[in-house]
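Hello, and thanks for taking a look at this one with me. Please have the model open as you read.

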Amino acid sequence: MTDAAASVPVRRLSDWDAAELHTLVEDYGSPLYVLDLERVRENYRRLETAFPDAEILYAVKANALGDVLSTLHEAGAGLECASAGEVQRALEAGAAGSEIHYTAVNPPARDLDWIVDAWADEPELTVTAGSTDTIDRLEERGYDGRLCLRVNPGIGAGHHEKVKTGAAAKFGVPAERAVDVLTDAADRGFDVVGIHAHVGSGVSSDQLEAHREFVARMGDLARDVSEALRASDSRTGSEATREAREAVGGLEFVDVGGGFGVPYREDEGPLDLESVANATREALGDVDADLTIEPGRYFVADAGVLLTEVNTVKEARETTVTGVDAGMTTLLRPAMYDAYHPIRNLTAETAGDGSSDRDATDAAGREIVPQTVAGPICESGDVFCAERELPASERADILAIGNAGAYGYEMANQYNTRPRPASIVLADGQARLARRRETVTDVTRPEREARGVSDTSSGARRDRSERLDERAGRNDP
């Protein structure tokens, strides 16, 4: 499925083969996440070409599937992790501590305990702290390893107010305090290696000026921090630590985050990656430290689609409602961010001769009808689109929802006691199951374990439960 889109800067939903996607639902059931690993690699290669001198980390929170992590790690990416669980996934994917940054926000005690234990085995692990309190908590646990400080530059950008992190008080130490915080950390024996900030998620080409100003502030701060660290006559740090710090001019890296946007709407152009790369380098200026970037969405968004089956078609007062078996528990972004995702009716396109030609809608005799595509959750916000013009839907049609590779399964949940869907990956011309479909038994197991009750009950209740689980997991090989 990758040949037609392998070298283009953005893969549209229309580039996916409708007949092949339709077959995947027949084989694996619905709803179903599909991720093309070759497209993930292609996106990495494009970014690597634009930023040849930068350290590239993958923001694991975008899609933490093990196959994604191992694919990007093998391609050359390090892994940026927002939780101890993501660090564990990164290590299991084959990454060494030197290739992992732990960048937590208000980390729970159990996360810090786990990270410090992991650091004992992986001493090159980098921990990014976003507050002096977190630095104190690390010191209390005996951590004096590689420390990066997340700063708040006072500039935010992104596709929605909820993801404009650069100016949000929750994230990072105010930039004007960073020099004092880092020199104090160095005096206390920490190995200060970098500064970090993230302007926001889904930054587009028309927000390039905000990105440029943000990076310029990071460059100025890096020069101030390096000068302060060189001037520090700390005697508490080890001689090796001081010599290493002096060798790199005070800092090893300046991490300007990720946030590189991808076009979700069909009429939006791709991010001008070369312009972003040039603007980043120019704005950063002359710093005696490496540039680090950590995109997530850019690698995986257009590598994934969500497939869902129509179960209800209803003529409402002012619209046609097309009910599907996926919902906000499957793909939360439309409900949470009012996010746009392209949608195709695969069945309408493949009716008749089995072709995936877009003109197949005519051959199928489907009228184009404005539709509201809605899920099965008892919330008015559980809609994927409103009044979207699509071929008239019929029960059992398969719809494809595009750009679902980023923050799709990662934000899926079990609200309404709904099991999460299966995920398959496309690799080497084959489809394979990467994560099985959950069952209701999976959802309720922690409660039964807490009561000391086994998975199997008795009589009719067990029979009904088994039948529900069979339906939830149907067609999983």
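This is a predicted model: local features need pLDDT of at least 70, side-chain atom pairs count only at pLDDT 80 or more; totals for chains, interfaces and linings use all residues.

1. Residues are numbered from 1 along each chain as its sequence is written, and side-chain values use heavy atoms, without hydrogens and water.

2. An unreviewed UniProt entry places the feature "active site" at Cys 378; such annotations may be inferred rather than shown by experiment. Cys 378 sits in the loop between strand E14 (368-374) and strand E15 (383-391), where strands are DSSP runs of at least two residues and helices of at least four. Cys 378 counts as exposed because its relative accessibility is 68%, and exposed means over 50% (1.4 Å probe, protein chains only).

3. Strand E2 (residues 55-59) has 4 of its 5 residues buried, that is, under 20% relative accessible area. E2 pairs in the parallel sense with strand E10 (residues 290-293) over 2 bridges; pairing takes at least two DSSP bridges. Here Ile 56 stands opposite Ile 293 in E10.

4. E2 also runs parallel to strand E3 (residues 78-81), joined by 3 bridges, and Tyr 58 has Leu 79 in E3 as its bridge partner.

5. How many cavities of 30 Å³ or more does a search of the whole structure find? There are 5, a cavity being a set of 1 Å grid points, over the protein atoms alone, where a 1.4 Å probe fits but cannot get out. E1 gives the largest share of the lining of the largest cavity, 3 residues; lining residues have an atom within 4 Å of a point.

Key:
On a 1 Å grid over the protein atoms alone, a cavity is a set of points where a 1.4 Å probe fits but cannot get out, and a pocket is an open set with protein on both sides within 12 Å along at least five of seven lines; lining residues have an atom within 4 Å of a point. Grid points are joined across faces, edges and corners, and a volume is the space filled by probe spheres set on the points.
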